[in-house]
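Let's take a friendly walk through a protein model, from its overall layout to a few of its details. Keep the picture open beside you as you read.

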Amino acid sequence: MNWLETDTENCPVRRALDVVGEKWSLLILREAFNGVRRYDEFRQHLGLSEAVLADRLRKLVAAGVLRSEPYREPGARTRHEYRLTRKGVDLWPVLLALKQWGDTHAAEPEGPVLDIRHTDCGAPVRVVVQCEGEERAVLSPRDVTVRPGPAARPRHAG
């Protein structure tokens, strides 16, 4: 079975995009990775409507990417903070890869907006695709072979 014969309904890229494939969802995750936790902070920093923010936060919580934790300031009503779950933290390389692409293809003339470095040694951080074999070679699309996996299903004509 080749790619064009494969049903894409259960594609993991498609399923991931169902959860985080909308611009505001990814930007909310960017904010969460940068320490934003509270609704008002998300709203102020992103500049999006309350309705859109509430909808995206609800969807990210329902998908298990964020979790909602109640907090209460003295004299105020209970509100919620939004924190990354393990599932959310697993999206960090995705956001970093998008940042790298943006720095290369959509950057400001002055350079990157964010400078991400390894805390221990100060070296820049990059996302790479790497072979899990002994050589740990960095790979390009031309270096890999793609085959149907165990969950692949044949595409139905029609």
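From one end of the sequence to the other, the protein chain runs in the order α-α-α-α-β-β-α-α. That makes six helices and two strands. Please keep in mind that this is a predicted model.

How spread out is the protein chain? Its radius of gyration is 20 Å, well over the 15 Å that the globule rule gives for 158 residues, so the chain is more spread out than a compact globule. Along the principal axes, the C-alpha atoms fill a box of roughly 65 × 45 × 30 Å. Of the 158 residues, 22% count as buried.

Now look for the pockets. The table puts two of them side by side.

| Pocket | Volume | Lining | Nearest the centre |
|---|---|---|---|
| Largest pocket | about 770 Å³ | 24 residues | R30, L95, L98, K99 and L114 |
| Second largest pocket | about 270 Å³ | 15 residues | W3, T6, P148, G149 and A152 |

Which helix gives the most to the lining of the largest pocket? The answer is α6, with eight residues. Both α2 (23-33) and α6 (92-105) supply at least two residues each to this lining.

What kinds of residues do you meet there? In the lining of the largest pocket, 14 are nonpolar, four are polar and six are charged. For the second largest pocket, the lining divides into eight nonpolar, five polar and two charged residues.

**Rings and their partners**

Next, turn to the aromatic rings. A pair of such rings is described by how far apart the centres are and by the angle of the planes. The structure holds one aromatic pair. Its members are F42 and Y82, arranged edge-to-face, at 6.5 Å centre to centre and with 65° between the planes. Why does this pair tie together parts that are 40 residues apart in sequence? Because F42 lies in helix α3 (residues 39-46), while Y82 lies in strand β2 (residues 78-84). Are these two residues buried or exposed? F42 is buried, and Y82 is buried too.

The charged end of K23 sits over the ring of W24, at 4.6 Å from the ring's centre. In a second case, the charged end of R38 sits over the ring of Y71, 3.8 Å from the centre of that ring.

Definitions and conventions:
Residues are numbered from 1 along each chain as its sequence is written. This is a predicted model: local features need pLDDT of at least 70, side-chain atom pairs count only at pLDDT 80 or more; totals for chains, interfaces and linings use all residues. Side-chain values use heavy atoms; hydrogens and water are left out. On a 1 Å grid over the protein atoms alone, a cavity is a set of points where a 1.4 Å probe fits but cannot get out, and a pocket is an open set with protein on both sides within 12 Å along at least five of seven lines; lining residues have an atom within 4 Å of a point. Grid points are joined across faces, edges and corners, and a volume is the space filled by probe spheres set on the points. Helices (H or I, at least four residues) and strands (E, at least two) are DSSP runs, numbered from the N terminus. Ala, Val, Leu, Ile, Met, Phe, Trp, Tyr, Cys and Pro count as nonpolar, Asp, Glu, Lys and Arg as charged, and the others, Gly among them, as polar. Rings of Phe, Tyr and Trp (its six-membered ring) pair if their centres lie within 6.5 Å; planes under 30 degrees apart count as stacked, over 60 as edge-to-face and the rest as tilted. Buried means under 20% relative accessible area, exposed over 50%, partly exposed in between (1.4 Å probe, protein chains only). A charge sits over a ring if NZ of Lys or CZ of Arg is within 6 Å of the ring centre and within 35 degrees of the ring normal. The radius of gyration is taken over C-alpha atoms; the globule rule is 2.2 Å times the number of residues to the power 0.38.
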